[in-house]
Structures are given as structure tokens and as C-alpha cells.
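Here is a walk through one model, strand by strand and then chain by chain. Keep the sequence and the 3D view open as you read.

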Amino acid sequence: MTGQVEARLKELGVSIPTPAVPVANYVGFVKAGNLVFVSGQVTLKDGKIEYVGKVGQEFTVEQGKDAAKLCAINIVAQLKAATGGDLDRVKRIVKLGGFVNSTPDFAQQPEVINGASDFMVAVFGDKGRHARAAVSAGALPRGVAVEIDCVAEVE
Amino acid sequence: MTGQVEARLKELGVSIPTPAVPVANYVGFVKAGNLVFVSGQVTLKDGKIEYVGKVGQEFTVEQGKDAAKLCAINIVAQLKAATGGDLDRVKRIVKLGGFVNSTPDFAQQPEVINGASDFMVAVFGDKGRHARAAVSAGALPRGVAVEIDCVAEVE
Amino acid sequence: MTGQVEARLKELGVSIPTPAVPVANYVGFVKAGNLVFVSGQVTLKDGKIEYVGKVGQEFTVEQGKDAAKLCAINIVAQLKAATGGDLDRVKRIVKLGGFVNSTPDFAQQPEVINGASDFMVAVFGDKGRHARAAVSAGALPRGVAVEIDCVAEVE
């Protein structure tokens with residue numbers, strides 16, 4: 001039986017990748033009680049880093065938004081692993097922490113991170129509506145345009 | 001009957017605004033168990049953005065501190081909504097995450113974020129004493145000087 | 001009786017300092033249920049700030065890693081206080097939030113924050129494996145090279 005969330009992902013034409021396994025002494029997610037803390041996810045696709053550069057310089061806001069969506073897809077991949085493969089067990093996307101790699105005078109972080117917020121609501125419906133912070137970082141790992149971490153509640 | 005926290009706010013001469021409703025696919029706060037995760041609040045007052053600029057450039061530390069207090073007022077507005085209007089149900093301000101929009105060599109983030117920390121203790125007493133991180137962002141939404149998010153515990 | 005974690009710290013030759021007590025209206029940690037939220041810890045050693053400067057400019061990645069380890073030692077000091085002196089009550093290091101003070105094009109935040117991640121696993125074993133975000137800040141308090149906050153689960 002396919003779950004509701006998986007059915008929605010299929011409708012959206014999004015396939016959820018195998019989650020990235022960190023090559024260091026940290027992990028993709030940790031469960032504490034009913035909360036899942038997901039590590040900061042970046043713009044990794046098919047094992048390759050995409051969107052290397054700063055929004056407002058190498059990338060437009062629209063491209064930044066696509067980069068944020070890619071981070072969100074990787075968050076969902078971690079949540080799939082955290083729920084034993086059953087994304088219907090995600091009770092709520094609680095919080096997204098969005099970091100944009102931008103020029104010092106960039107001011108459209110919310111528009112960029114909307115790429116992730118919109119995706120969460122498209123996938124999870126009202127359960128996908130989250131608290132969020134959207135700021136620019138001074139710089140990001142490998143030079144990626146966006147990094148997003150997440151707290152979710154699971155059943 | 002007026003609650004203790006509301007009485008304290010009256011003494012302080014602070015009126016708590018109607019919380020900002022995000023115009024996107026995220027929300028002002030999410031409750032997960034007894035924890036409330038509040039979205040990053042900025043320097044919004046009476047529907048207008050204030051304190052646009054960088055601390056250490058357009059703004060002094062003292063002005064940054066006032067900006068942080070304004071963010072804290074907006075956090076309390078979200079907590080009021082999260083507690084059904086009864087701020088006495090706030091058991092503890094658990095964590096503030098403070099982001100300062102500053103020049104690259106600015107080093108007084110703690111003094112700036114104290115504007116929020118002092119306000120929380122003025123309003124909630126010992127329940128207002130929180131863990132906190134205070135860092136500079138690379139830039140902030142709409143160019144505001146300060147953004148602060150919050151985790152609180154409620155009854 | 002010495003705890004397992006204390007024995008491990010002795011093997012590692014690390015002595016855990018008395019935790020820093022903030023000189024403001026916030027605290028080193030707050031417990032909410034079984035979660036401990038630890039304030040952002042910086043490169044404080046024997047009451048003095050060390051590692052003042054930016055990684056990629058004043059400091060190499062290797063030095064940044066040492067700075068991150070020092071932050072982690074100060075996190076463990078807070079956790080020791082949070083567990084009434086018994087670090088064996090730490091059930092899991094849930095999340096590290098790592099902020100690097102770097103130049104705008106720095107891209108090795110993960111390598112820097114590994115200094116903290118490696119220390120957590122050295123001290124706590126598998127319980128030390130955490131979710132994490134590693135980003136650059138625009139600047140950090142007192143000009144330190146690294147600041148790290150933490151969420152831990154305790155018994």
C-alpha cells in the first residue's frame with residue numbers, strides 16, 4: 001500500500017533520494033522523543049553538489065528558490081529514513097532553519113526559503129506548515145547557495 | 001481577571017501587538033508537545049519594518065539593542081497566540097536564537113541581543129531566563145538590523 | 001565512583017572546566033522535559049577568550065577545528081552542570097549548531113565543526129553522534145573564530 005505522502009510526491013513528480021550519509025562523526029538525523037532533528041541539508045542531487053555560488057551574485061532569487069526546494073527534498077529523504085520509510089508518520093514539520101549564501105546587502109531571504117516552505121506544504125498539506133527562520137549565512141559549505149535544517153514531529 | 005504577565009507588561013508600558021501572520025507557506029509558531037517553536041521575528045512595528053540597516057554602520061549597539069527588544073515584543077505576541085491569549089501559561093523561555101545584521105568585524109552581538117534577553121526577564125521574571133545564541137548573519141530579510149527566533153515551554 | 005564519561009575524559013586528557021556563567025539575563029542552559037538547550041559556547045579557556053579572528057584569514061582550517069573542539073569542551077561543561085555533575089546521564093547529543101567566523105568565500109565549515117563532532121564521539125561514543133548544521137556567521141561575539149550551540153537529551 002502506498003502512503004498518502006508518497007502518492008502526493010508521485011503527483012508532484014518528485015522522487016525522494018536515498019538520504020546522504022555524512023562522512024564524519026555526525027548523522028543525518030537524531031530522534032529525541034517524538035522530535036526529529038534533521039542535519040542541515042544542502043543542494044546535493046544524485047551525489048553531486050549543485051547551486052554553488054551566492055544569491056544576488058551568481059544566482060537570482062528564483063534560482064535560490066529552486067536551490068531551497070532541493071534542500072527540502074533532501075530533508076524529506078532524511079525524514080523518510082527517520083520514519084522507517086513511512087512518511088505518513090510525519091505529524092508536523094515543526095521548524096525550518098534556512099541559511100542563504102548571499103551578498104551582504106541581499107534582503108530577499110524569505111522569497112528564497114519559500115522554495116522549501118512551498119514544497120513542504122505541497123507534500124504534507126497543513127502538516128507541512130512550519131515555524132521558520134530565514135537569514136543569510138556569511139558563507140556556506142562547499143560554497144552552496146542554500147542550507148536548511150529541520151525539526152519535525154513524528155508519530 | 002488580568003494575568004500576572006499582562007500586569008507586568010502594563011507596568012512596563014508595553015502593548016503586545018496582534019502577531020504578524022506570514023504571507024507565505026509558513027506560520028508564526030508551531031506547538032510540538034509542550035514546546036512552542038516561534039518563527040524568526042523581525043523589527044516590525046504597527047505593520048511597518050523599522051531599523052533597516054547594519055549595526056556598526058547605520059546603527060549603534062544601543063540602537064541594535066532597541067531593535068532586539070522590538071523583535072522580543074513580536075515573539076511575545078506569537079507566544080500570546082500560542083497560549084490562547086494567556087501568557088501566564090508560558091512556563092519558560094527556553095532558547096533565543098539571535099541574528100544581528102552587522103559589518104564583518106562587529107563583535108558586540110551579545111550586547112545587542114541583550115535588548116531581547118532583558119525584555120524577557122522583565123516580562124517573565126526567572127521564567128524568562130533562557131539559553132541563547134547570538135551571532136551575526138551575513139544579511140537579513142528586508143535589511144533589518146536584528147532577527148530572533150525562540151523556543152518556549154508552555155503549560 | 002567515577003562515571004564512564006568522566007573516565008573517558010581522563011583517558012583523553014581533557015579536564016572539563018567550571019561552566020561559564022553569563023553576565024547577562026540569559027543562562028548557560030535550560031532544561032525542557034528531557035531536552036537540554038545549551039547556549040552558544042565560544043572559545044573561552046581559563047577565563048580568557050582564545051582564537052580571535054576569521055578562519056581563512058587569521059586561522060587555518062586546522063586551527064578552526066581546534067577552536068571548535070574548545071567550544072565543545074565548554075558545551076560538555078554546561079551539560080555536566082545540567083546533569084548534576086553526572087555526564088553518564090547524557091542520553092544523546094541531539095544537535096550541534098556550528099557557526100564559523102570566516103571570510104565570505106570560505107567553504108570548509110564542515111571540516112572546522114568536525115573538531116566539535118569528533119570530540120563528542122570521542123567522549124560519548126555512539127551517544128555523541130548528533131544532527132548538525134555548519135554555516136558561517138557574518139561575524140561572532142568578541143571576534144571569536146567559532147561558536148556552537150547544542151541540544152542534548154538527558155535521562
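Two strands pair if DSSP finds at least two bridges between them. Helices (H or I, at least four residues) and strands (E, at least two) are DSSP runs, numbered from the N terminus. This is a predicted model, in which local features need pLDDT of at least 70, side-chain atom pairs count only at pLDDT 80 or more, and totals for chains, interfaces and linings use all residues. Residues are numbered from 1 along each chain as its sequence is written, while chains are lettered from A and ligands numbered from 1 in the order in which they are written.

Start with strand β7 of chain C, residues 146-154. Strand β2 (residues 35-41) of chain C runs antiparallel to β7(C), and five bridges join them. Within β7(C), C:Glu153 is the bridge partner of C:Leu35. Strand β5 (residues 90-101) of chain C is also antiparallel to β7(C), with nine bridges. Here C:Asp149 of β7(C) stands opposite C:Gly97.

How many of the nine residues of β7(C) are buried? Eight are, so the strand is mostly covered, where buried means 20 or more other C-beta atoms within 10 Å of the residue's own, with C-beta atoms placed from the backbone (exposed is 12 or fewer, partly exposed in between).

Now the core. A nonpolar core is a set of buried Ala, Val, Leu, Ile, Met, Phe, Trp, Tyr and Cys residues joined through C-beta atoms within 7 Å. The largest one has 165 residues, and A:Val146, B:Val146 and C:Val146 have the most contacts inside it. In soluble globular proteins, nonpolar side chains tend to be buried together. Beyond its neighbours within four places in sequence, B:Val146 is in contact with residues including B:Tyr51, B:Cys71, B:Phe99 and B:Val112. Contact means C-beta atoms, placed from the backbone, within 7 Å.

Next, the interfaces. Chain A brings 23 residues into contact with 29 of chain C. On this side of chain A, β1 (29-32), β2 (35-41), β5 (90-101) and β7 (146-154) each supply at least two residues. β2(A) gives the most, with four.

Chain B puts 29 residues in contact with 23 of chain C. Two or more residues each come from β5 (90-101), α3 (109-124), β6 (131-137) and β7 (146-154) of chain B.

Terms used:
Two residues are in contact if their C-beta atoms, placed from the backbone, lie within 7 Å.
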